[in-house]
Amino acid sequence: MWAYTVQQFRDLSPGVRRFIATESLFGIGSGIFNLILNLHLLDLGISKGDIGRITSLGALIMGLASLPAGFAVKYIGRKTMLVGGMLLAFLALILFGLGTGIGTITAAQVVWSLSITAIVNSEIQLIFEYCRSKKEETSAYSLLFAIFTLFTGIGTWLGGYLPLWLPGHSTVYQYAFFVAGGCLGLSGLLRGVLLPIAPDKAQPGASTAEAPTKAKAKSKHALSFLVLLSVLIFNSGFTFCMLNPFLNVILKFRFGMEDGQISGLLALSGFFFFAGSLLMPYVLERWGSRRTFFILFAYNALVVALMAVSMPASVFAGLLLIRGAGFTMLNNLMDSECMSAVAEEDRNLFAGMRTVSRSIGNTIASYWAGYLLAGNHYALPFVLTGLALLTGFGVYAWFVQGKLDRRLGAQG
């Protein structure tokens, strides 16, 4: 398995390797931010219900901005949008650190959401541009996410101790936002300098006379396929935001854990994300897309259902770790297989549709989860996530599976 992963990395194109290397700083900054945000807001006196509403507002903004971003990236370029998004994220984290009232925090959330919109509407398409084959696309996505999750875990661990080493004034978490912002800003600058101009992947097309008719027929079929994939991505967004943004709150209030314990457990969970990301290409090559989808949907639904049951903190922690690997594998598979199945000329549009769909799922889930947690219903988010996973499996099996298999098969 390790030899397989090493060989994967050696076979990557130079642009892909540079992209993956600069993901480490992005991961550290994101890990710090993800851990401290809710804890910082709670210390500022913002209620759990308001936190849920702020989170859902951010997801809604991403949804509204994603289609315009998908069209804009065609004109300003994927690399420019990616670097600009990361520098905007730096600004958002500075605002989070300086803000003390709900108005400033909301403004920071708006800037953060716009920055993530720019990143997600350019990142995967750009790294796929550097790839030479569909197999390399799968490897590149998995390794990129593996590095991101590994360093997110490191950032999460740091997030538990930075408030002790560098306590802030408004809350103890204040200066940790500045450290996270510095990581994201530096990552953006390095990508601006180190990433090459993507190669021209345009394919020879039909003659000028034939092109409009063929393009019209093709676009109709392509759009229906993109809509089906977007439904699947909506489900992914819902299952993510029902739990992941609130795990620190659940651990703090359901099990009474301290910040250091929470950061340690979530950092260790990040290692399981990393392991799942590395394992994904190997599993996909051995089992194939269809079988892997079936197994991962069932695995994740079972684990989150178990997490809803009353249990000691140690048992819950074990389930949280093994959920991390399975959840990462399912989402990596979904994102990489869907993007690989989309034609190059449709990828900017799909990136926008994907982000809109995921953001709608995120908005609904985060608002609902915030409402449930405000009422101290700590088990219900896991029940709803399990039901959503079963629904996602039904959508995949009945509507998406056949079309996805044919598209991936046709592309070799």
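# Close-up views of a predicted model

**Figure 1. Val-120 sits in helix H5, which covers residues 102-120.** This is a predicted model. Val-120 counts as partly exposed, because its relative accessibility is 24%. Beyond four places in sequence, Val-120 is in contact with Met-62, Gln-125, Ala-351, Arg-354 and Thr-355. Take Ala-351 from that list. Along the chain, Val-120 and Ala-351 are 231 residues apart. Their C-alpha atoms are separated by 7.4 Å.

**Figure 2. Gly-49 belongs to helix H3, residues 48-76.** Is Gly-49 buried or exposed? Its relative accessible area is 13%, under the 20% limit, so Gly-49 is buried. With neighbours within four places in sequence left aside, Gly-49 is in contact with Gly-370 and Ala-374. Gly-49 and Leu-373 are 324 residues apart in sequence. In space, 7.6 Å lies between their C-alpha atoms.

**Figure 3. Ile-250 lies in helix H10, which spans residues 247-254.** A relative accessibility of 1% makes Ile-250 buried. Which residues does Ile-250 contact, leaving aside neighbours within four places in sequence? They are Phe-255, Leu-373, Tyr-378 and Phe-382. The pair Ile-250 and Leu-373 is 123 residues apart along the chain. The C-alpha atoms of this pair are separated by 8.0 Å.

**Figure 4. Asn-376 is placed in the loop between helix H14 (347-374) and helix H15 (380-410).** Look at the backbone here. Phi of Asn-376 is near 60 degrees. That is a positive value in a residue other than glycine. Asn-376 counts as partly exposed, because its relative accessibility of 48% falls between 20% and 50%.

**Figure 5. Leu-320 is a buried residue of helix H13.** The helix covers residues 313-341. Leu-320 counts as buried because its relative accessibility is 1%. Beyond four places in sequence, Leu-320 is in contact with Leu-247, Leu-251, Leu-265, Leu-266, Ser-269 and Met-307. Val-304 is 16 residues from Leu-320 in sequence. From C-alpha to C-alpha, Leu-320 and Val-304 are 8.5 Å apart. Now step back to the helix. H13 is mostly covered, with 24 of its 29 residues buried. At 1.5 Å a residue, H13 should span 42 Å. Its end C-alpha atoms are 41 Å apart, which agrees.

**Figure 6. Arg-191 is found in helix H8, residues 174-194.** Is this Arg-191 buried or exposed? Arg-191 is buried, because its relative accessible area is 0%. Leaving aside neighbours within four places in sequence, Arg-191 is in contact with Phe-19, Thr-22, Glu-23, Phe-26, Lys-79, Leu-82, Val-83, Met-86, Glu-123 and Leu-144.

**Figure 7. Thr-171 lies in the loop between helix H7 (134-165) and H8.** Thr-171 counts as buried, because its relative accessibility is 4%. Not counting residues up to four places away in sequence, Thr-171 touches His-40, Asp-43 and Leu-44.

**Figure 8. The largest cavity holds about 1600 Å³ of space.** Rolling a probe the size of a water molecule over the atoms shows where empty space is left. A search of the whole structure finds 3 cavities of 30 Å³ or more. The largest is lined by 50 residues. Which of these lie nearest its centre? They are Asn-34, Ile-116, Phe-148, Phe-240 and Asn-244. Helix H2 (residues 14-43) gives the most to this lining, with 9 residues. By type, the lining divides into 23 nonpolar, 22 polar and 5 charged residues.

Figure 9. The mean pLDDT of the chain is 85. Of its residues, 91% reach 70 or more. Over residues 202-211, pLDDT stays under 50. For this stretch the model has 2 contacts beyond four places in sequence.

Technical notes: Residues numbered from 1 in each chain as written. Predicted model: local features only at pLDDT ≥ 70, side-chain atom pairs only at ≥ 80, totals over all residues. Heavy atoms only, no water. pLDDT = per-residue confidence, 0-100. Contact = heavy atoms within 4.5 Å. 1 Å grid on protein atoms, 1.4 Å probe; cavity = no way out; pocket = protein on both sides within 12 Å on 5 of 7 lines; lining within 4 Å. Points joined across faces, edges and corners; volume = space filled by probe spheres on them. Helix = DSSP H or I, 4+ residues; strand = E, 2+ residues; numbered from the N terminus. Nonpolar A, V, L, I, M, F, W, Y, C, P; charged D, E, K, R; others polar. Buried < 20%, exposed > 50% of the residue type's maximum accessible area, 1.4 Å probe, protein only. Expected span 1.5 Å × (residues − 1).
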